[in-house]
Amino acid sequence: MKAMARPLIIVGSIVVIIGALLPWATFVLNDGPYPDKATLEFFDAPFGLSSFRLYLEILGLAGLVFCFVPLRDKIRVLKAVGWGALGVALINTLFIIGDGGGFGAVTVADGVTAFGGIAAVIGAAVLLYGAFQLPAEPKVVINPKLPFWAEWLILLVAFVALLLLITETLTAGGHSGVSDPYIGPLFLSYLSAAGALLGVLWAVGVTKWISDMSERHRIFSIVVLVACAVAVPFTSLGNDYWMTITANIGVYAATAIGLNIVVGLAGLLDLGYVAFMGIGAFVAANLSGAVAAEFGIRLPFLLAAIVAGIVAGLFGAIVGSPTLRVRGDYLAIVTLAFGEIFVRVSQNNIGGLTGGSNAIPNIPDLSLFGTGFNDSLTIGGVQLPSGVLYYFLIVVLVALVMFVFGNLKNSRIGRAWIAIREDEDVARAMGVKTGKLKILAFMTGATLAGLAGAVFAHKLATASYDSFQFNQSVTLLAAVILGGMGTIPGAVLGAALLFVLPEELRQFSDYRLLFFGLALVVIMRFRPQGLIADRHRRAELADQDVTGESLDDTVIKEPVAVAGAKEAGA
Amino acid sequence: MGTLLQQIANGLIFGGLIAMVALGYTMVYGIIQLINFAHGEIFMTGAFGGLAVYSWVLPPAAQQIWYVALPAMLVGGAIVSVVVALLMERFAYRPLRNAPRLAPLITALGVSVFLQELVRIFFPGASSAVPFPNAFITAPLHIGSITIPASGLLMLIVSVVLSIVLETYVNGSRMGRAMRATAQDPDTARLMGINPDRVIVLTFAIGAVLAGVGGVLYGTYIHNVDPYIGFQNGLFAFAAAVLGGIGSIRGAVIGAFVIGLIKNLADIYLPGGTAYDYVWIFILLIAVLVFRPQGLFGEAERVRA
Amino acid sequence: MRNRTVKAAVVVMAGALALAACGTNKTESGGGGSASCDTSKGTLTVGVIAPLTGNLAALGLGIQHSAELAVAEANEKCTVKGYKLNLDAEDDQATPQTGAQAATKLSSDSTVVGVVGTLNSSVAQTVQPILSGKKVPQISPANTNPSLTKGADLNNPKRQFPSYFRVCTTDNYQGPDAADYLVKKAGKKKIAIIQDGKTYGAGLAAAFTDRATKDGAEIVDKEQVGEKDTDFSGVLTKVKAASPDAIYYGGEYPVAGPLSKQAAGLGLNVPLMGGDGIYDPKFIDLGGKEGDLATSVGAPTDQLDSAKDFVKAYSAKGYKDPYAAYGAFSYDAANAIIASLAKTLGDSGTWSDSERDKLITNIGSYSASGATGQVAFDQYGDSTNKVLTVYQVSGKDWKAVQTGPFEG
Amino acid sequence: MSTPVLQARDVSMVFGGLTALKNVSLNLDEGKIVGLIGPNGAGKTTFFNCLTGLYTPTTGQVLLKGAVLPGDPAEVTAAGVARTFQNIRLFPSMTVLENVLLGRHVRMRQGPLASLFHGPSFRRGEAAARDRARELLAFVGLGKVEDELSRNLPYGDQRRLEIARALATDPAVLLLDEPTAGMNPQETEAARQLIFRIRDLGISVVVIEHDTKFIFTLCDQVSVLVQGELLVEGTPDVVRGDPRVVEAYLGKPPEEVEAELQAVQEGETP
């Protein structure tokens, strides 16, 4: 079959290109009440290349070119191209079928023919099949010697490019709070194409090279990353809508990193973690001077946040104390029970502290030098969207939490936590006071969640018990596991995915939880170490050779997360 | 006094329901040390399976005769539950048999959400509660000063009978011995010629039968079902299994009755009354886990394993 | 070869830009009834924020479709001159933070003129300040918590957000009206209260309790059931021990129906009464028994032509989901926004952000007959519609037994 | 005669009516190597667990330098008794260096706050710990693989890493549970030399081993446990010549001993 690889790839690529040029739908798919917002074109005009058809065209051409150009590790390059093309083709074809009401929409109906989708799917499948027939090659490693300033420059460019890629992906379809009925397929198409691009970069060794460089220049990378985070409001994400979304992602990412200490480092499963966030939120709400608060005092936010963290931490110690006697799954149940008790008790407005079913509404806006955090801000003539100060606050929060996580992980205590996770008996035999350390893990995680909760309450202006239910705990846990246990980028990526995807895919929202459940099962089956695996854990959990993975190459899997989960990491 | 007796009766009925679900938890945990969070959903699909049989399989004439309708629904519910449980075992859990502990637990959570949504989206009318036919004697029974619905009594009796049958089976039959052997040490059991896969499948199937029967009886007792009934009742059942000592059949049943009684007695006697009954159950659960982690009837070694 | 990759990256980037720039904007082939109207000035959007997924989806989808109906009718009738109206329904998943995201999304879209929603009062609390900040009027079909309009201190009311209105009544009317009926008219003097601990149920039960006590009834028991509970025997046994001659339930039909049926199963054969949350045919399906009572806002549907028209039009559209408990309110809310918009723009006005204040003022002074009766707002943004109807289960249907304006 | 470093006095251990150990005593003098042999099920590992605080003896005491050992393994380690395990129990997904650093845990003083802020004293402590860990790795001969994951090491290296990890706790007494199980003669010889070198550092060593030849050529003192009781105790020559030992332990056909070895490896986990 190996001999067939090249012809298959060539044929597949050509069919993809032809597919991109053919009409895709037998009817004009400018749906329902959105004519002027519709940007997904399914044309009769054969050469009207834009949007996903452009991506397909490029991917098809790339398939052809890579097939003939001498390349090392051709198989991985072409697989990335193939998966990307298949992703784009499938997403759009399925969408037209679903939205257009059947196969007539992509074949022949009312005297109109449209075989673009089917051609592209077949072509991409053939291309991919061909790519799989190529001989396996060792992973390409590029490691040119460069002066440090050149490496800095490359890093800078790489991070900025990544930032732009992310912002472009998120705003694919050009929306800034403006609803577009095709936002889902547009987003997914862009994601597939971007994934293919990153996949190719990974296959030729660029991502590994860059991630190694960023390891070498850790401080510089952190500075650039922070700068990128601060720069987000100045990009196409700089509008109210994305500020809210990114702020929410930030809060959950911070909480997820806290949970990562408990679950990822110390290996203690916590199924009631969101309760600590709730405790932090209620404490901050009560100290915010809100009318419905139990105490009529208003502490400065910083102080209130610290108090919230401390109170949550105390509860963390209390909830964690059964770890002295209870292990494993049983501990998970203790935490689950605690979470359920918290919800019930706060719903019953215990001691008047939680506002019960009325919640604690209208928590006053924070302000800095007289500027409310929800107001918009003008810096150097650039008008920044409202909520930008919250965004910055949350960037600080996330940075703080990352600092705590990173420092603790690389310390005597972090090592002891990992040892407890690996083999508690031996850790104890090696002199680790496991009980104390486990409680410390719970406390630290809870404190961070409490801090995040305090910010959350102010950002949302409400603290209500129904923000802190079991399904939120599960979502957070899923964020940690999806992203990769024990890593910071993992928790951030996980939180981002779990909050961005539902936003981008609102039109499929009825199936949101269905896919969520399915995704958990599939990920555990095919990539239990998460998208960004811990250097240690991936060796332990993965059954495939996944050496040399980095943040970048994991993004690739997204477009094909379900379809190609098995492929991921191969 | 009347109230107390009535609450005890209610508690026993509720306990009977929880017992049927708890047995599935306890058996699966006993064999493969997996907290099958999705077991509550097996119970839920059983209830919907019974409803489907009633609505779409039974002719209208048969719907009216309870001794035709109810057995048909029970069988239908049990079959649906077993099918779902086996698919779940085969495609979600079996590939993870040797994975780190956390993986199957997360999978279980995923399966749980998936099944809830599947039923909600695809079962007609299930986006909110669906009425469940009263396929049993409707008139309540009056025993002394207490009144109980006939369907409640039926649930209690079925639950106790099934538990006894199960206990006898596990202790007495060849397959039961195989199950116990696998629970003790799967590797040795394999050496002894036992096929652990078959034992595990059987365990899931037995748990599913009980849950399916429980689901249908629950429907007849409560009169309506929704896709979320599995979660809370599953949680109670899990608490019962832990309370009784997970892995122990007798323990799960007794734990279930304890939970049923506490929930109903907390309504009258404990501070907070009906608003806090749920809280008391979980406080009890935590207390048991902390002070007697092996549960009321579990064996101490189990915990360390 | 790296060159090529870079080139590809450049082209993909260019593609992204092209994507943002171009769009075919073909007109829709079917379904657009706007053909006969002048829509030269573009499109304006009515937003909806409601739970479209999860276990409250049935109510949320009813809200969405009813608002859709109002928008479709406005497009057919060319209500807003020069504009075509859209509906943009956003899911809040019944959680405050998702609601906040939805509200931000809508409020940053300059074509959104107003928002119908939310279902949950707790979500409204986060949505209010966001929409208010952008002067986007919000009309809720379902929030019943009095503090949303009048603040926490009801004896000293103060309007919270000038852009917030609601077409439903608050607990302050329904609860007392039910109490008056149950105590004075039906002569029930020993009443047990059960509620579900949620905003709606707890508030309603509290308002009922106050009035019933004033009317001379004795509250013999107060209980709470959990949102997810299904077996109520414990609560009901306790209630039974207090031997009430009626039960008042604060909450919604998914609990109330089974509750009523299980009460009967325990030999507690007294009527159960509730608010509009249980006034739903499904209550009877789920076990509501003969003689159970509910209050609801507005005159009975069969006495009100506008209501009948709504029901007919709704079923004619063939939506997949029923209009549910809040459909008619949602329809009225959407119509209030649309009519006020039409008034604001007049025959030749052009929409811009500067019109928003005027729109809010116009909504404040809006008055028309809707599917739920007379729709108008008082100085707090609450509905002035105080016509309440008491319904009773009779046969397999709700029958109106008393209707009239609620007098303080 | 000076006080022994480690002293077990009449240690008995009863598990629910089953007597695993009966009045076992042991004296370990400073800088000596003591061997513990006995057939399968003789209670060797149980005795080890009593020495390391994993089990609290039903009766009797264990003393380290004259002081009674605390009842918690972590504290026993802190007091100066370190051990290895019969079935190698490293932290599989930590690197070689991290495994040894974990052994340093008990000798490091950085608390949560220092760990959080990584101040100068933290960094000094961390650097010192790393230096010490590298030193120990070099000592056992694993200097070149410090960044490997420990699970990827070959079997013999894993045994040595376990010893390095135990040494990192700066023990006065090192307990080795079958350090040569599964090794070939060359590796066994290397292990013997390593143990001598450890002894030369002034650390007293207790070794459980099945390989009697190994024990008799390694140890200064040998104790024989049979059915939970101390059968014989003395120098290798004394023990080797004792007829009871020959009968109870050495007299068995080799295949049987072999089978027992297998069983012990699989079953008798602490």
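Colleague: Where in chain C is confidence lowest, and where is it highest?

Modeller: This is a predicted model, where local features need pLDDT of at least 70, side-chain atom pairs count only at pLDDT 80 or more, and totals for chains, interfaces and linings use all residues. Residues are numbered from 1 along each chain as its sequence is written, and chains are lettered from A and ligands numbered from 1 in the order in which they are written. pLDDT is the predictor's confidence in each residue, from 0 to 100; helices (H or I, at least four residues) and strands (E, at least two) are DSSP runs, numbered from the N terminus. In chain C the lowest confidence is in helix α1 (residues 2–21), with a mean of 44, and the highest is in strand β4 (residues 138–140), at 95.

Colleague: What is the mean pLDDT of chain C, and over which residues does pLDDT stay under 50?

Modeller: The mean for chain C is 84, and 91% of its residues reach 70 or more. Contact here means that the C-beta atoms of two residues, placed from the backbone, lie within 7 Å. One stretch under 50 has seven contacts beyond four places in sequence: residues 1–6 of chain C. Another has 44 such contacts: residues 9–34 of chain C.

Colleague: How far apart do the C-alpha centres of domain 1 and domain 2 of chain C lie?

Modeller: Domain bounds come from an automatic or database domain assignment. For chain C it gives domain 1 (27–169 + 303–377) and domain 2 (171–297 + 388–405). Ten residues of domain 1 of chain C are in contact with 13 residues of domain 2 of chain C. The C-alpha centres of these two domains lie apart by 30 Å.

Colleague: Which helix gives the most to the side of chain A that touches chain D?

Modeller: Chain A puts 24 residues in contact with 26 residues of chain D. At least two residues each come from α13 (388–409), α14 (412–422), α15 (424–429) and α20 (535–541) of chain A. By class, this side of chain A has twelve nonpolar, four polar and eight charged residues. With seven residues, the top contributor is α14(A).

Colleague: Which two chains have the most contacts between them?

Modeller: Chains B and D do not touch; their nearest C-alpha atoms are 12 Å apart. Chains C and D do not touch either, with nearest C-alpha atoms 31 Å apart. Four pairs of chains do touch, and the most contacts are between chains A and C.

Colleague: Are α4(B) and α5(B) parallel or oblique to each other?

Modeller: Axes are lines fitted to C-alpha atoms, for helices over the stretch in contact, and angles run from 0 to 180 degrees between N-to-C directions. Angles under 35 degrees count as roughly parallel, over 145 as roughly antiparallel, 65 to 115 as roughly perpendicular and the rest as oblique. The axes of α4 (residues 66–93) and α5 (residues 102–122) of chain B come within 11 Å and cross at roughly 135°. Therefore α4(B) and α5(B) are oblique.

Note on methods: Nonpolar A, V, L, I, M, F, W, Y, C, P; charged D, E, K, R; others polar.
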